[in-house]
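This report describes a chain together with its ligand. The sequence and structure are shown first, and the description follows.

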Amino acid sequence: MGRVALVTGGSRGIGEAISKALKAQGHEVAATYAGNDEKAAAFTEATGIKTYKWNVADYEASKAGIAQVEADLGPIDIVVANAGITRDAPFHKMTPDQWKDVIDTNLTGVFNTVHPVWPGMRDRGFGRIVVISSINGQKGQFAQVNYAATKAGDLGIIKSLAQEGAAKGITANAVCPGYIATEMVMAVPEKVREKIIGMIPAGRLGEPDEIARCVAFLTSDDAGFINGSTISANGGQFFV
Ligand code: NDP
């Protein structure tokens, strides 16, 4: 059944693959982005998926943006909170700004994205929420105290939302990707990347499509009894 889906950070990287996968499922997709106008325009040109620009760290901007999406496409039944950033530094060198930027985007950004759509989902008795967390929220990571805190926090969010939403037909789940071949990971120095690949039993980085397929399943009508769960997609690197 075709529904309206919102994918934050949906115009490139993992989000781009998610937007395309949800469109292929027959959904009307709105993909958001932060500032990369050129990439967003190319993405819309290639896919026909409409893009919207707002900062997920800003509650009022998120609320207004979501209202615009709903005015354009109709009530949002599927939310994929995917937008995320890294500001890595070993803890003794991590600045308060690096801490705050990541908390505001990866953690508060999830609140800002889900909160405005929640009442409508409750009223309609249906909702699918998926948060893109990370393997590093499950196990922690050197130089990522900020990032790991947000990604672990995202798991707390979905477990709590699952309990609040279940009786209203709303599910909230997470996908924890391992290392996926996107700009975020390709920006890591090659030597470090080779080291990372050496730690992945599959012997390779994951592909964005491999995360998108998890999201497509979790957002489907068939996944209605899966709630508060996490799919780890990491090539065997870490088990919970
Ligand atoms: P990318 O850096 O490739 O893309 C990030 C996307 O998020 C872009 O569309 C960007 O917009 C958007 N974005 C960033 N900040 C904001 C903001 N403040 N407001 C709105 N949009 C924003 O990231 P990935 O595709 O690699 O990662 C996607 C998600 O998956 C993230 O949450 C990340 O933490 C998580 N993840 C990634 C892994 C990986 O290996 N790549 C591993 C585990 C988790 P714009 O294009 O305008 O910059």
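## Ligand surroundings

The residues that come nearest to the ligand, of the 30 around it, are Gly9, Gly13, Gly84, Thr182 and Met184; a residue is near a molecule if its C-beta atom, placed from the backbone, lies within 6 Å of it. The model is predicted: local features need pLDDT of at least 70, side-chain atom pairs count only at pLDDT 80 or more, and totals for chains, interfaces and linings use all residues. Residues are numbered from 1 along each chain as its sequence is written.

By class, the shell around the ligand holds 13 nonpolar, 14 polar and 3 charged residues. Here Ala, Val, Leu, Ile, Met, Phe, Trp, Tyr, Cys and Pro count as nonpolar, Asp, Glu, Lys and Arg as charged, and the others, Gly among them, as polar. At least two shell residues each are supplied by α1, β2 (28-33) and α8 (183-186). Helices (H or I, at least four residues) and strands (E, at least two) are DSSP runs, numbered from the N terminus.

## Helix α1

Helix α1 covers residues 13-24; at 1.5 Å a residue its 12 residues should span 16 Å, and the 17 Å between its end C-alpha atoms agrees with this. The expected span is 1.5 Å times one less than the number of residues. Of these 12 residues, 10 are buried, including Gly13, Ile14 and Leu22. A residue is buried if 20 or more other C-beta atoms lie within 10 Å of its own, exposed if 12 or fewer, and partly exposed in between, with C-beta atoms placed from the backbone.

Ala24, also in α1, is exposed because 11 other C-beta atoms lie within 10 Å. After the helix comes Gly26, with a positive phi near 100 degrees.

In soluble globular proteins, nonpolar side chains tend to be buried together. The largest nonpolar core has 49 residues, of which Leu6, Ile18, Val79, Val80 and Val215 touch the most other members. Helix α10 (residues 208-218) contributes the largest share of this core, 6 residues. Such a core is a set of buried Ala, Val, Leu, Ile, Met, Phe, Trp, Tyr and Cys residues joined through C-beta atoms within 7 Å.

## Overall fold

The chain contains 10 helices and 7 strands. Its radius of gyration, taken over C-alpha atoms, is 17 Å, close to the 18 Å that the globule rule gives for 240 residues, so the chain is as compact as a globular protein of that length. The rule is 2.2 Å times the number of residues to the power 0.38.
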